[in-house]
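Dear colleague,

Please find the structure below. My notes on it follow, for your files.

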Amino acid sequence: MAGAISALFLLDMKGRCLISRDYRGDVSAQQVEKFFTKLLEKEGDLEYDGPVCHENGVNYMFIQHKNIYLMAASKQNSNAASLLFFLHRVVDVFKHYFEELEEESLRDNFVVVYELLDEMMDFGYPQYTEAKILGEFIKTDAYRMEVNQHPPMAVTNAVSWRSEGVYYKNNEVYLDVVEHVNLLVNSNGQLIRSEVNGALKMRAYLSGMPECKLGLNDKVLLEAQGRPTKGKSIDLDDIKFHQCVRLARFENDRTISFIPPDGSFDLMTYRLGTQVKPLIWVEAQVERHSRSRVEMSVKARSQFKERSTAANVEIELPVPSDAMSPNIRTSMGYATYAPERDAVVWKIKSFPGNKDYMLRAEFRLPSVISEDTPPDRKAPIRVKFEIPYFTVSGIQVRYLKIIEKGGYQALPWVRYITMAGEYELRLI
């Protein structure tokens, strides 16, 4: 990270300094309070100027969490994105200790706050940001700590995200490949936006310091090895790894090699910007009868292979805000009228591939309406679903190897699931 911060400040909603930690001695709390007050008076909305500002030779970077502002001030040309990420990590650590990060929790635990700020940053450079590791030698009741307490091995070795001496009777690894499908279709049935956001979520319950190797059906790797790639490989975009992954190794031979943290973490996230066929398509026809009633005919169709089945399908169909006396019939599942959402919610517990289901609904409308009544809003149809043992991208885990000097046998479990993200059809 280029450049270091001069000081870190925690401010209230009025810009008053609650707690500060000076790392380099070249930016005072008075400067920060004066700048922040001026910024509040200038716009009243800090989102307007963004989280990075410059004034009188000082760079200010800040984020808001509830009624607290966390601000980093620097006189150097620091990496703003890295420092903003560090501020978010500070929030995560404080929440780990105090449950909720608020002005009151800061005042009640200011001793622990200073201890954490001293450990998380040294002379303006970020150090340890893993709450589990910090929690081993900084307790919430800091005044009860023993004088001769020693820091954990994770602070003194190169693997800061994992402690030595971890032991499990049964060594297991669970890997979930989770993909969220984001989809937007306009009123003409045209696909406006589609993307897939995926994550490899791992839960590692392994003893010692295991070395893990993960292989995917990566197109670049398979082509480099001279293997056929047609229909069996994927080209991933915007890959982001957990800090435990050896990036140099991945750049050289596309092998994902790492020593995992203990417990749950996101090993990798990725994005696919290619056009995605809607997995569940909804067609809706609405007929109005002289402002006295409205009829709705809806067909939901699954557009994936028969061997897969969607679970917990929920289709939210917008209806007029003044609709009443609903009469709803479905060929599968059940539907209820939700007046607080101005919608009919159709739920189908199990939706096999290549199937069609129907819903018919009739609503009464008031015969007399006010001239001031606004026109009906054009709300989208929203769809939620989960498809286990299925991925849109076609990503596959080719192997997951666990190597540990103790020589124990570990059981890896891999599961695939596709879920709806922002899935909207603007058809009504």
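What is the volume of the largest pocket? The largest pocket comes to about 790 Å³. On a 1 Å grid over the protein atoms alone, a pocket is an open set of points where a 1.4 Å probe fits, with protein on both sides within 12 Å along at least five of seven lines, and lining residues have an atom within 4 Å of a point. Points are joined across faces, edges and corners, and the volume is the space filled by probe spheres set on them.

This is a predicted model, in which local features need pLDDT of at least 70 and side-chain atom pairs pLDDT 80 or more, while totals for chains, interfaces and linings use all residues. Residues are numbered from 1 along each chain as its sequence is written, and side-chain values use heavy atoms, without hydrogens and water.

Helix H2 (80-98) gives the largest share of the lining, 7 residues. Helices (H or I, at least four residues) and strands (E, at least two) are DSSP runs, numbered from the N terminus. By type, the lining has 14 nonpolar, 9 polar and 7 charged residues (nonpolar: Ala, Val, Leu, Ile, Met, Phe, Trp, Tyr, Cys and Pro; charged: Asp, Glu, Lys and Arg; polar: the others, Gly among them).

Next, the aromatic residues. The whole structure holds 12 aromatic pairs (rings of Phe, Tyr and Trp, the last by its six-membered ring, with centres within 6.5 Å; stacked under 30 degrees between planes, edge-to-face over 60, tilted for the rest). Phenylalanine 35 and tyrosine 60 are stacked, because their ring centres are 3.9 Å apart and their planes at 10°. Phenylalanine 35 belongs to helix H1 (residues 29-43) and tyrosine 60 to strand E4 (residues 58-65), so the pair ties together parts that are 25 residues apart in sequence. Both phenylalanine 35 and tyrosine 60 are buried (under 20% relative accessible area with a 1.4 Å probe, protein chains only; exposed is over 50%, partly exposed in between). One aromatic cluster consists of Tyr168, Tyr174, Tyr205 and Trp413.

Finally, arginine 341. This residue is in the loop between strand E18 (334-338) and strand E19 (343-352). Its relative accessibility is 35%, so arginine 341 counts as partly exposed. Glutamate 316 is 25 residues from arginine 341 in sequence, with a C-alpha to C-alpha distance of 9.1 Å.

Regards
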